[in-house]
Amino acid sequence: MEQKKYWQSFGEKNQSAAYNQDVKDEFKEELPFVEDESKSFLETAAPRRDFLKYVGFSTAAAAVAASCEMPIKKAIPFANKPEDIVPGIANYYATTYVQDGDVVSVVAKVRDGRPIKIEGNDLSPVTKGGTSARVQASVLDLYDTARLRFPTIDGKEVTFEAADKAVAAAMGGNVVVVSSTITSPTSKEVIAQFLAKYPGSKHVTYDAVSYSALIEANTATNGVAAIPDYHFENAKAIVSLGADFLGTWLSPVAFSKQYAAGKKINEKNPSMSKHIHFESVASLTGSNADEKYLHRPSETGAIAAALLSAVTGGSVTGISDATLKAGIQNAAKALVENKGAALVVAGSNDVNVQIIVNAINNAVGAGGSTINWAARNNTRAGVDANFVQLVKDMNAGSVGTLILVGANPAYSWHDAAGFTAGLAKVKTTISFATKQDETAVLCKFVLPDHHYLESWGDAEAISGNVSFIQPTIYPLFKTRQWQDSLLKWSGNTSDYLAYLKSYWSTKLGGDAGWDKALQDGVLATTPAAFSAGSFSSAAVANAVSAATSAKKGGAIELVLYEKVGIGAGQGASNPWLQELPDPVTRATWDNYVIVSPALARTLLKIDLNNGGQADAYEVNPPKPVVKVTVGGKSIELPALIIPGTHPETIGIAVGYGRSENIGKAANGVGKNAFALASLQGNNVSFTNSSVEIVATGEKYPVALTQTHSRYDTAQGNRTEVMKELTLAEYKHHPTEIREERADELRGQISGGEKLNDEEVLQKFEGAGTIYPVYDRPGIKWGMSVDLNACTGCGACVVACNAENNVSVVGKPEVLRGHEMHWLRIDRYYSGDMDNPNVVFQPLMCQHCDNAPCENVCPVAATNHSSEGLNQMTYNRCIGTRYCANNCPYKVRRFNWADYTGADSFGDNQTGHVNDVVLNMGDDLTRMVLNPDVTVRSRGVIEKCSFCVQRLQEGKLKAKKDSRPLEDTDVKVACQQACPTEAITFGNANSKHSAITKVRLDNPNRSFYVLEQLHVLPGVTYLAKVRNSDEKEVEEKKA
Amino acid sequence: MHLKYESQLREPLVSGNKNYRQVTEDIVRPIEAKPTRLWYVGFFIAVALLLFGVYSVYREVTYGIGEWNLNKTVGWGWDITNFVWWVGIGHAGTLISAILLLFRQGWRTGVNRAAEAMTIFAVMCAGQFPIFHMGRVWMAFFVLPYPNTRGPLWVNFNSPLLWDVFAISTYFTVSLLFWYSGLIPDFATVRDRAFTKLRKRLYGLASFGWTGSTKHWQRHESLSLVLAGLSTPLVLSVHTIVSFDFATSVIPGWHTTIFPPYFVAGAIFSGFAMVQTLMIIVRKVFAMEDYVTLGHIEAMNKVIVLTGSIVGIAYLTELFMGWYSQNKFEGYTFWYSRAYLFSPYGWSYWGMMACNVLSPQIFWSRKMRRNVFVTFFMSIIVNIGMWFERFVIIVTSLYRDYLPSSWSVYYSPTIWEMGFYAGTFGLFFTCFFLFAKYFPVIAIAEIKYVLKTTGDGYKDQMSAIEAQPLEAFVKDQTHHH
């Protein structure tokens, strides 16, 4: 059939010459430009039009110039584009986070040459893709404005050449290298080579919080002067004597991964490991325990001895407290029942305790199953006695040269004054610190080291598992890796990279093996068979008698502990970590004295069981200040009442009170508690059995992000918010939670009382509303959070900050409830207020399908996507905050001030925007921003977007490959960061996705928070199941 | 003779044997005289407050809402409390002008002009809060549904905040028209008495060429009726819609079906209290005791005790439902966050109860109703109470809602938050002082309607006429012409 031809005019039909000319000259009239420039424009041919044109232009120009002045920021394209950099496309490089002894294999996301995000490396056999808050935050340290930018001699800038010359001239006497634990095999060789050149020199490993008693005990009982490789995943019974292994003890990322394996539940055949925890001050690990018992720190030895006695068939003696005694019996029972799958760990730095723990582990068959003596955990190697000797030597003047690598004893040594005095007697002092820290400031030579993201290197956290470090950015400043310096000073001509490469190329079979290893970031080795080690009980009897005869503590005892975010002070200058709410206390930007509710009653006259007093304590940020005196040294800090702390024990976090030189974030934050530690025997003890505490009557504001911690009120227990039960209850009645849900929803459905539970749950969506229910074809994003796996560590929170450019607001703003976190981890207590059950609940935007925020926005700035996302359009938002008010989860965050410098008002970052926040807007710091995510300006609401930028990227990837989306295409930041894989995310409409599987596999534990509101949230939670004492349950049922 | 009929039940609406000329004289005198020293003092205080408010708002717009102490949990505080409070006050004017006009309540003429002015100014003050509580006030025009070039985005007609935009702007427009149309004949009166060219020009312009012809009066009265008819539903709708801001939400303490009638009653309650405050000052300062009589005050006090009791019942109903629903979240909000005196904000709830429910009960006594000092004091108390009511609703509901993890620290305002509120007082009184100086504060034309039937002067004249012999009467009348 002939193609029909349409025409508009006869000209077109006939293709006349005139028509074709017209088409060619579409704009027939000449544009009326000024014809003759010499004439005044009013005399030209078209002055009127020109006049209007000029008026229009000049008005617009004036308006632009006068009102909309925006700083011009130029983006300069590559003149010669590097082959592997495509603007807008991220590259990922495997590398390794190394902070002192801590090692985590990671992948750095690099956008346009800038590392902007750290992700876990799934290939690592140790951490298996897990990260921690500190790992996530480490990328910000790269862009820290307080980093040293050049080498200095006596504080004056020099070149590295000049520094090398001066160092060579000054080096003399006995040379001592003091480092924090080094896990790098090549670095150890570099140091050995260097030391070989200087006779009489030595290497001392110094850990701010040392594990030296553990090493000493292992030497005594197993002949191994190191820490073995622990395997919590093989343990059915875990007993911890104050070891915070999920938060700060040894390798928390690896341990969290292992621990979660035993905590995840198969609904059809429920079983889980049993974790019994003994501690004095509430910790992250204690909060996750199935059973937790409180004791005084001075009783640790007695408890260990009693436990040893109990597991070896004896009786529990020397423990007067009935609950504690029962706890030891329970622990012994659990350990004995699970012989060969049991593990005991202790956080104490008392060698007797550690020897007894080794004996218990030997008795319950931990060796070869949960403890592998064939491999070493290399993350801590410091021996306090060696450092004590060094300080003596320094003070005696027998040290000629001191080289500091990573160690900062002037801050963290309990006798900092002794160290500083000794340092003054050392002729040549050299520091490789990246910042002018407390020790570097006292050193003559400071040759700043690279950040790990600028470095080459390797790390062997667990023997046989090597992880590689490769630079992801050219060094930002005139810095040099310390290994390079040592190589140079030992006369080695090759640089560290060449050294490293040749070291590994030989081992890995040439360049190909080296390249592969770098690409993977880790060396895949087949794990050797576990070794049970050889246990010698020779030292045990003495240890037991020493432990049981330990002197009784005074009225109040003290525990110094590390915080998950700040550690021993390494995180103090990182604003993300300072603003990360501590998982246990929910406090930011300070350290404080943790007191128990019982002590608060007598000391502070605050009774948390008294509604009025509890309210007054909660709603007012200023907290009472107490003065703690330890052996003549005293410290004044605010007190926080933290349930789950022993009534006669207080806790203070170390890592605070850092020098202002290390960054604005550390300046004036908290006080240094390291001075309260003391040397007990060979080791530094972080507990003290007799301290004085008095209330000063003053108050000091503490920035808490959560003020209320219980979900039961006088008007009813808010089980709609949180659901938890014990394993015994669950086994006894698996559908308990499902029934509870149905009961909550039944009343909302007309005729609901006639429906059974399943019908109620199914019909709720349609029956609870007057609106029609729509199909949701295509993708439907959904998330599930397993409260059993979540330990509350906070890695996800920092990951979210980094991924989504979440503003830091500083302490004054957190105090006013202005923190911006898109994801928070709520911490609830239930049960006995003195030793409560604790449950953590990560809470982000629930992406409700019937979102209450959406319909109240007058300008439709927040709306629902066809894929189930609750979207936020910043440009559209006028900031009425109605959405935030109407959000039952209170996850929406408002930009109260110009935190980011992103709005067009000049000079308005004053008042509430403090120095830390301003510094986040520094050109250097801003390099950490994710270019895929808008930096929000003042006056708009923001909230979790389910990492929509990642979802888009994942969808595009699938689309380019012409295949349906798969789980591997999309991993949201919190999910990626989680060391316990508590978060599952994906397309809930797909039959094969992990999220669908989780929901189908866990029908009995799934619940939605506040489901009865009919907001139809998109995030499922799996109820917390606690493997606590079963007898208790039976009593309750009876 | 029906003209002789004298009601013993009602006291006269205007006392003091006024005739028409005197009425005009009394009311226009303050406009033509120099302002008193008191006026200057009051005016400058008002302007000073206004300027402080302007500075407070300037800070908030420049530095952000962080100048206020609102937080992640309490997203609205003094801002919306003040908004609802001012809108509520703005209710009495229209109620008096429109509903009482339709109900033929003659006493309204003494107070309607000032009450309407108060409405206009109160709504102007109210409007500042929803505008300046926006984080990006320079984008406020996004709420207007006009064809624009900003792509497919349009306002969200589901949002109660958008309903507010329409409700408030409609109410303001209609109230303004109503008020102004009533002013036209009075402006003409002032124009006719003008002693300077400028006054003549300005009042001439303002009176739209009013000549007082019958046709003018006829149209004027029709217009008044039409506007009264239009305004009547607005009296009910505006605060109903304002209450929807809360009632349509999911927050315990807000999500309540009782809100519309309860809010309207509360609005009338506070509006009448504010009229009392102002009229007691005006009658004293401008010596208008003859026009705003104790009868007026008593009538308004009756409205106050009625509406106060209605809100009291609403409060008790809420408490009852908080228990009866067995909803633990509502139970907590109503019985702990509010009604428990020792909870952090318990004081505000009981302050509200004392001011709004308990204290107005004294108006059951006629003696109290007719006591000017008691009335003045009570009118202030009621407005404090009604401010507490809005504060209680907004803050005690928000600060502890569903998730205990999100419960807020104690919210108290910053100086700039209070400054904004003070600034609206400045705006209100600046406007009111100008109004009192340049506008007839009592509707001259309208009060003359009620003069005839109630004035003692009229009665006296009539008895004199009746006492006259017929011849004298005829002579008198013809002589007049």
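How many of the five residues of strand β9 of chain A are buried? I will come to that after the ground rules.

This is a predicted model, in which local features need pLDDT of at least 70 and side-chain atom pairs count only at pLDDT 80 or more, while totals for chains, interfaces and linings use all residues. Residues are numbered from 1 along each chain as its sequence is written, and chains are lettered from A and ligands numbered from 1 in the order in which they are written.

Back to the strand. β9(A) covers residues 237-241, and five of its five residues are buried. Buried here is a residue with 20 or more other C-beta atoms within 10 Å of its own; exposed is 12 or fewer, partly exposed is in between, and the C-beta atoms are placed from the backbone. Strands (E, at least two residues) and helices (H or I, at least four) are DSSP runs numbered from the N terminus.

Both faces of β9(A) are covered. On one side sit A:A237, A:V239 and A:L241, and on the other A:I238 and A:S240. The strand has a parallel partner in β10(A), residues 274-279, through five bridges; pairing requires that DSSP finds at least two bridges between the strands. A:L241 has A:F278 as its bridge partner in β10(A). Another parallel partner is β12(A), residues 342-346, again with five bridges.

The largest nonpolar core has 432 residues, and A:A304, A:L307 and A:I356 touch the most other members. A nonpolar core is a set of buried Ala, Val, Leu, Ile, Met, Phe, Trp, Tyr and Cys residues joined through C-beta atoms within 7 Å. Helix α9 of chain B, residues 259-285, gives the most to this core, with 15 residues. Leaving out residues up to four places away in sequence, A:A304 touches A:L241, A:A346, A:V353, A:I356, A:V357 and A:A547. Contact means that the C-beta atoms of two residues, placed from the backbone, lie within 7 Å.

Next, a helix in chain A. Helix α4(A), residues 133-142, is largely enclosed by the rest of the structure, because ten of its ten residues are buried. Among them are A:R134 and A:D141. The buried residues of this helix pack against strands β1, β2 and β3, and against helices α20, α26 and α32, of chain A.

The loop between β1 and β2 of chain A holds A:D100. Its phi is near 50 degrees, a positive value in a residue other than glycine. Most residues other than glycine have a negative phi. A:D100 counts as buried, with 24 C-beta neighbours inside 10 Å. A:F946 is another non-glycine residue with positive phi, about 55 degrees. It lies in the loop between β38 and α31 of chain A, and is buried with 27 other C-beta atoms within 10 Å.

Now chain B. Its secondary structure comes to 18 helices and zero strands. Buried residues make up 51% of chain B. Of its contacts with a separation of 6 or more, 83% are between residues 24 or more positions apart.

Finally, where the chains meet. 51 residues of chain B are in contact with 56 residues of chain A. On the chain B side, α2, α6 and α11 are the elements that give two or more residues, and α11(B) has the largest share, with five. By class, that side has 29 nonpolar, 18 polar and four charged residues. Nonpolar takes in Ala, Val, Leu, Ile, Met, Phe, Trp, Tyr, Cys and Pro; charged is Asp, Glu, Lys and Arg; the others, Gly among them, are polar.

One residue to look at there is A:H818, in the loop between α27 and β33 of chain A. Its contacts include B:G66, B:N71 and B:K72, as well as A:W896. A:H818 counts as buried, with 25 C-beta neighbours inside 10 Å.
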